Amino acid sequence: MRTATLFGYYGYDNLGDELLCEESIRLLREARFDRIYLLLKRDKVKNFSQPQVVPIDRFNPFQIFKVIVKSDVVVCGGGGILQDQTSVKSLLYYASIVLIASMLRKPVLLLANSLGPLKHKVSKCVVRLLLKKKNVFFIARDEVSYRYAKIVGARNASLGTDLAIGTIERLPKCEKQKKISLCLKTELELDIVIETARVYGFEVVLVPLSPQDRPASEKMAKKYGLSVSSEPLRELSCSSFVVSQRFHGCLLACLTGSPFVSLNSSKSRRFFERYFPKYEGFCVKEDPAQIALSIVKLKDSKLEPNNMIDDFNKMRGDVITLLKGFSKKKRG
């Protein structure tokens with residue numbers, strides 16, 4: 001029986017991270033893993049049910065150690081978890097899983113991860129230590145992360161892309177509507193944005209991508225008379241424009257061909273500049289006037305995600321080959 005431990009920021013109902021989780025599970029299944037131990041938020045473990053997947057409390061160190069011992073490989077499935085912008089504690093938590101697996105001589109796959117920002121010396125030292133380990137394999141989501149990994153001496157680093165690109169096969173099929181989806185984490189003054197949208201015939205809808213985003217969305221909905229969507233995937237698939245403070249809001253827009261405006265997100269800029277080097281939809285500041293101007297500039301644009309999809313398919317093939325190789329080494 002082939003077994004794997006899968007971890008990430010899972011179980012918090014953040015749309016982007018849940019898509020990464022789904023794609024990671026799908027890749028492990030395609031690589032013929034029979035059992036996947038999935039580290040989840042404690043209150044999601046009891047009601048979780050999915051074939052071949054065994055939920056584990058992500059804050060139970062004894063259970064985590066036990067399933068790592070049983071696993072052929074430990075996988076960190078996508079996202080920007082190797083950073084200390086959220087907190088140093090968060091980085092140390094994820095790093096401890098990698099270090100335990102490494103001590104137990106288990107291969108670790110950091111699958112489609114990004115690195116940084118790393119503001120503290122201890123964070124930089126920890127990430128450097130992880131990447132230099134012989135049995136840690138790092139597939140970078142973006143070129144900046146890949147270059148950094150090579151600079152600090154990563155032993156097994158390669159360039160991939162974002163796992164959520166695989167979602168394109170399962171996105172809702174719907175015709176584009178004259179809508180602008182706002183995926184916002186914090187409250188913004190939207191008067192000029194809404195006015196500009198309506199001048200060009202757009203309906204504006206708020207689309208929270210995480211439970212953390214909903215309070216701000218509900219306040220703005222009440223203030224400006226807007227609706228709040230409870231179906232983010234469908235809304236983003238049907239919208240013809242997206243304004244987002246979250247990376248995966250921009251990515252899902254791109255996958256359906258729609259232009260986007262990314263707000264104050266270095267994560268989005270460094271990913272998308274690889275595919276659209278002259279794109280003008282990055283706002284360094286969350287300035288409503290700048291957002292409105294970007295809508296005017298980009299409203300008739302159409303994005304082609306073909307290069308991203310090609311990179312994802314190549315990465316998928318390489319990852320499946322790598323995963324199969326890990327389990328063969330154990331049997332040998």
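This is a predicted model: local features need pLDDT of at least 70, side-chain atom pairs count only at pLDDT 80 or more; totals for chains, interfaces and linings use all residues.
View 1. Glutamate 189 is partly exposed here, at 47% relative accessible area. Its salt-bridge partner is lysine 223, with 3.2 Å between the closest N and O atoms. Lysine 223 comes out as exposed, with 52% relative accessibility.

**View 2. Glutamate 187 meets lysine 219.** Here the closest N and O atoms of the salt bridge are 3.8 Å apart. Glutamate 187 is in the loop between β8 and α7 (191–199), while lysine 219 belongs to helix α8 (residues 214–224), 32 residues away. Glutamate 187 is partly exposed at 45%, and lysine 219 is exposed at 52%.

**View 3. Arginine 26 holds on to glutamate 169.** The closest N and O atoms of this salt bridge sit 3.0 Å apart. Arginine 26 is in helix α1 (residues 15–30) and glutamate 169 in the loop between β7 (157–159) and β8, so the contact ties together parts 143 residues apart in sequence. Both ends are partly exposed: arginine 26 has 21% relative accessibility and glutamate 169 has 47%.

**View 4. A stacked pair, phenylalanine 7 on tyrosine 94.** The ring centres are 6.1 Å apart, with 20 degrees between the planes. Phenylalanine 7 comes from strand β1 (residues 3–7) and tyrosine 94 from helix α4 (residues 88–103), 87 residues apart. Both count as buried, phenylalanine 7 at 2% relative accessibility and tyrosine 94 at 4%.

**View 5. Phenylalanine 271 and tyrosine 275 in an aromatic cluster.** These two rings have centres 5.5 Å apart and planes at 55 degrees, so the pair is tilted. Phenylalanine 271 is buried at 1%, and tyrosine 275 is buried at 12%. The cluster also takes in Phe247, Phe260, Phe272, Phe276, Tyr279 and Phe282. Over the ring of phenylalanine 247 sits the charged end of arginine 141, 4.7 Å from the ring centre.

**View 6. The open parallel sheet.** Six strands line up in the order β10-β9-β8-β11-β12-β13. At the edges, β10 (227–228) and β13 (282–283) have a single partner strand each, so one side of each has no neighbour in the sheet. Five bridges join β8 (residues 177–183) to β11 (residues 239–244), and serine 181 has valine 242 in β11 as its bridge partner.

Key: Residues are numbered from 1 along each chain as its sequence is written. Side-chain values use heavy atoms; hydrogens and water are left out. Rings of Phe, Tyr and Trp (its six-membered ring) pair if their centres lie within 6.5 Å; planes under 30 degrees apart count as stacked, over 60 as edge-to-face and the rest as tilted. Helices (H or I, at least four residues) and strands (E, at least two) are DSSP runs, numbered from the N terminus. Buried means under 20% relative accessible area, exposed over 50%, partly exposed in between (1.4 Å probe, protein chains only). A charge sits over a ring if NZ of Lys or CZ of Arg is within 6 Å of the ring centre and within 35 degrees of the ring normal. Two strands pair if DSSP finds at least two bridges between them. A salt bridge is a side-chain nitrogen of Lys or Arg within 4 Å of a carboxyl oxygen of Asp or Glu.
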